[in-house]
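Biologist: Could you put the model up on the screen, so that I can ask about a few places in it?

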Amino acid sequence: MARINRQVTLAARPVGRPKESDFALVESPIPELEEGQFLIRTIYLSVDPYMRGRMNDRKSYAEPVKLGEVMVGEAVGKVEASKHPKFEVGDIVAGRIGWQEYCVTDGTEIRKVRTGGQPISTALGVLGMPGLTAYFGLLDIANPQPGETVVISGAAGAVGSTVGQIAKIKGCRVIGIAGSDEKVAYLIDELGFDAAFNYKTTDDYIKKLAELCPDGIDVYFDNVGGPLTDAVFPLINVNARVAVCGQIALYNSTELEQGPRLLWKLIEKQARMEGFLVFQFVDRFREAMADLAKWVDEGKIKYRERIDDGLENAPKIFLGLFDGVNTGKQLVRVSQE
Ligand code: NAP
Ligand code: FER
């Protein structure tokens with residue numbers, strides 16, 4: 001008898017903040033392997049802010065998830081059976097496995113995991129897509145120079161926490177913005193940020209940023225958008241760089257929000273604002289990964305992971321990203337290593 005797979009599918013297109021009922025937990029038999037295929041058992045599933053965009057019926061850099069389809073996502077898993085010449089039983093692999101316990105694949109978009117001495121979960125975090133996003137977004141888009149002031153929103157998350165530490169490696173003064181006092185303490189005490197503040201208990205963002213950035217802001221790494229980003233523009237310096245990485249504060253908006261329209265600041269300060277997608281740097285992932293792995297091994301980049309259990313809980317765990325439940329990379333443990 002065929003073994004049963006459990007999958008989380010998109011049940012309805014969300015309006016505003018997704019609800020758990022926008023997802024469905026379904027069961028289906030695992031298909032028999034054909035020649036050239038192998039079977040992966042999911043161990044860790046990554047939940048990421050970009051998945052909110054894939055729930056919309058709007059094509060962007062990728063196709064939307066169709067109603068009734070398994071939710072997209074990267075995961076780490078173990079090869080349990082193989083009729084593929086290049087993947088063996090026992091191999092640890094990562095890639096577009098989706099929100100499911102098992103995946104039958106021909107290996108498209110699946111790679112072998114090589115995290116050296118680090119846990120395999122890091123292939124989804126500091127040594128995966130979020131780490132690469134931090135690396136290229138900071139070093140290529142923002143190009144920070146020693147002594148410059150770098151401000152990071154979403155600073156205690158997977159991308160932001162890595163950005164801040166790379167900026168420290170590059171000799172910058174680093175200011176983080178995050179959503180709790182614990183996160184602020186983590187940034188300063190454990191990750192070596194020069195200062196940070198809790199935006200949820202701060203009324204006047206401009207005043208707070210001015211206090212923490214007496215020399216102005218040279219680089220702003222934007223993970224969140226919205227009112228925090230509005231507060232950065234009045235403080236940017238001549239030749240400032242704004243790297244637009246994410247806008248999570250807006251992902252659940254149902255209408256276009258009206259900001260304070262401060263783009264004239266870019267003229268006054270001859271500043272540059274540039275959006276980017278990590279995938280535009282795919283040709284250089286190997287080089288970046290070597291640097292990231294070295295920095296992690298040397299203890300120059302520290303990381304945290306929040307691991308919650310159960311595929312059936314994946315929707316709730318995903319929604320936690322919008323409440324700031326996670327410090328560092330948020331993962332779902334689908335099965336034991
Ligand atoms: P993450 O930061 O680990 O998790 C999301 C965090 O966002 C939460 O922990 C929460 O922390 C914060 N947040 C949620 N709603 C917020 C709001 N309304 N205002 C301010 N902060 C809010 O996620 P990540 O994977 O590292 O991604 C960070 C950002 O980078 C996201 O915007 C994502 O879309 C973007 N990204 C872009 C690319 C790219 O290629 N451009 C690649 C990866 C990620 P608090 O407690 O601080 O609120
Ligand atoms: C992300 C946010 C947005 C992300 C990709 C996008 C890979 C792309 C959006 C688009 O093309 O519309 O976190 O991560």
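Biologist: Is arginine 261 buried or exposed?
Modeller: Arginine 261 counts as exposed because its relative accessibility is 64%, where exposed means over 50% relative accessible area, buried means under 20%, and partly exposed is in between, with a 1.4 Å probe and protein chains only. Please keep in mind that this is a predicted model, in which local features need pLDDT of at least 70 and side-chain atom pairs count only at pLDDT 80 or more, while totals for chains, interfaces and linings use all residues. Residues are numbered from 1 along each chain as its sequence is written, chains are lettered from A and ligands numbered from 1 in the order in which they are written, and side-chain values use heavy atoms, with hydrogens and water left out.

Biologist: OK, and where does arginine 261 sit?
Modeller: Arginine 261 is in the loop between β12 (236-244) and α7 (264-268); helices (H or I, at least four residues) and strands (E, at least two) are DSSP runs numbered from the N terminus. Arginine 261 also has a positive phi of about 55 degrees, although it is not a glycine. As background, most residues other than glycine have a negative phi, and most peptide bonds are trans.

Biologist: Which other residue has a positive phi although it is not a glycine?
Modeller: Asparagine 143 is one, with a positive phi of about 50 degrees, and it lies in the loop between α2 and β8 (149-153). With a relative accessible area of 41%, asparagine 143 is partly exposed.

Biologist: What about alanine 271, buried or exposed?
Modeller: Alanine 271 is buried, at a relative accessible area of 15%, and its place is the loop between α7 and β13 (272-275). In sequence alanine 271 and valine 242 are 29 residues apart, while their C-alpha atoms are 7.9 Å apart in space.

Biologist: And glutamine 100, what does its side chain reach?
Modeller: The side chain of glutamine 100 reaches the backbone oxygen of isoleucine 97 at 2.8 Å. That is a polar contact, meaning a pair of N or O atoms within 3.5 Å; within protein, one must be able to donate a hydrogen and the other to accept it, and residues adjacent in sequence count only if both atoms are side-chain atoms. Glutamine 100 lies in the loop between β5 (92-96) and β6 (102-105) and counts as buried, at 10% relative accessibility.

Biologist: Switching to the ligands, which residues come nearest to ligand 1?
Modeller: Of the 26 residues around ligand 1, those that come nearest are Lys183, Tyr199, Asn223, Tyr251 and Asn326, where a residue is near a molecule or strand if one of its heavy atoms lies within 4 Å of it. A polar side-chain atom of lysine 183 is 2.6 Å from an oxygen atom of ligand 1, and a polar side-chain atom of tyrosine 251 also lies 2.6 Å from an oxygen atom of this ligand. For asparagine 223, a polar backbone atom is 2.7 Å from an oxygen atom of ligand 1. On its own ligand 1 has 910 Å² of accessible area, of which the protein covers 91%; accessible areas come from the Shrake-Rupley method with a 1.4 Å probe, and for residues only the protein chains shown count as cover.

Biologist: What is the shell around ligand 1 like by class?
Modeller: The shell around ligand 1 has 16 nonpolar, nine polar and one charged residues. Here Ala, Val, Leu, Ile, Met, Phe, Trp, Tyr, Cys and Pro count as nonpolar, Asp, Glu, Lys and Arg as charged, and the others, Gly among them, as polar. At least two residues of that shell come from each of α2 (129-142) and α3 (158-169).

Biologist: And what surrounds ligand 2?
Modeller: Around ligand 2 are Tyr50, Arg58, Ser60, Tyr61, Tyr251, Leu277 and Phe279. An oxygen atom of ligand 2 is 3.3 Å from an N or O atom in the side chain of serine 60, and an oxygen atom of the ligand is 3.2 Å from a polar backbone atom of tyrosine 61. Taken alone, ligand 2 exposes 370 Å², and the protein buries 72% of that.

Biologist: Which domains does the shell around ligand 2 draw from?
Modeller: The shell around ligand 2 takes at least three residues from each of domain 1 (4-124 + 304-333) and domain 2 (129-279), with bounds that come from an automatic or database domain assignment.

Biologist: Last one, how many helices and strands does the chain have?
Modeller: The chain comes to nine helices and 15 strands, and buried residues make up 54% of its 337 residues.
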